[in-house]
Amino acid sequence: MTEISTQVNVRNHERTIQPSILKCIATILEDIVKETDKLDSQSTPFHASKIPAITLENYLIRIAKYAKCTDECFVIAMIYLDKVQELNPDILLNSHCVHRFLMIALVLAIKFQDDDYYRNDYYSKIAGISLKELNQLESELLELLNYDLFISKELYNIYLEKLRYYQEQ
């Protein structure tokens, strides 16, 4: 079984998630978007007027490089995205909103999971959106999640195993 492990950059001791898991997450989200783009969906504050030019994989690589969060945050963000879909079935992740949903889910995961995190103005620069918009989207996502950010160890492990399985395919 492939390990999803942390690599350490010896020069500056930064933790970096393996690129293969970022590719796996991007592929999963791209598969979802491919299907949901065909459907009519309700517009949300997360919807951009234009589809971002950056691929999901490159966006995840950018986030991993600059956010310097723990690996667990990427798994937790995926859980948050699924939870949004479960609690709000009328909201679909599509090309117009997946980047923003992903970034804000990661910001929430970082703040909930990690001991150290940056201010929102820094995350807004990584996301390529204004600080005001990031703050609004963070508030909106918290509401969509009913302010419930706790993830059980069991649920986390299920998602981690699913990612490992998907990665091996």
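When I speak of a helix in this talk, I mean a DSSP run of H or I at least four residues long, with the numbering taken from the N terminus. The model we are looking at is a predicted one, and I would like to begin with a single residue in it.

That residue is Lys83, which you will find in helix 3, the run covering residues 72-87. Is Lys83 buried or exposed? Its relative accessibility is 15%, and because buried means under 20% relative accessible area, Lys83 counts as buried. If we set aside the neighbours within four places in sequence, then Lys83 is in contact with Leu145, Asp148 and Phe150.

Let me turn now to the nonpolar core. The largest one has 56 residues, and those with the most contacts inside it are Leu29, Phe74, Tyr80, Phe101 and Leu141. Which elements give two or more residues to this core? They are helix 1 (19-36), helix 2 (56-67), helix 3, helix 4 (98-113), helix 5 (120-127), helix 6 (131-144) and helix 7 (153-168), and of these helix 4 gives the most, with eleven residues. To take one of the residues I named, Leu141, again leaving aside its neighbours within four places in sequence, is in contact with Phe46, Val84, Phe101, Ile104, Ala105 and Leu108.

My next topic is the aromatic rings, where the structure holds four aromatic pairs. In one of them, the rings of Tyr118 and Tyr122 have their centres 4.2 Å apart and their planes at 40 degrees, so this pair is described as tilted. Tyr122 also forms a pair with Tyr123, and that one is edge-to-face, with 6.2 Å from centre to centre and 65 degrees between the planes. Taken together, ring pairs link Tyr118, Tyr122 and Tyr123 into a cluster.

I will finish with another lysine, and with one more tyrosine ring. Where does the charged end of Lys162 sit? In this model the charged end of Lys162 sits over the ring of Tyr159, at 5.4 Å from the centre of that ring.

Technical notes: Residues are numbered from 1 along each chain as its sequence is written. This is a predicted model: local features need pLDDT of at least 70, side-chain atom pairs count only at pLDDT 80 or more; totals for chains, interfaces and linings use all residues. Side-chain values use heavy atoms; hydrogens and water are left out. Buried means under 20% relative accessible area, exposed over 50%, partly exposed in between (1.4 Å probe, protein chains only). Contact means heavy atoms within 4.5 Å. A nonpolar core is a set of buried Ala, Val, Leu, Ile, Met, Phe, Trp, Tyr and Cys residues joined through side-chain atoms within 4.5 Å. Rings of Phe, Tyr and Trp (its six-membered ring) pair if their centres lie within 6.5 Å; planes under 30 degrees apart count as stacked, over 60 as edge-to-face and the rest as tilted. A charge sits over a ring if NZ of Lys or CZ of Arg is within 6 Å of the ring centre and within 35 degrees of the ring normal.
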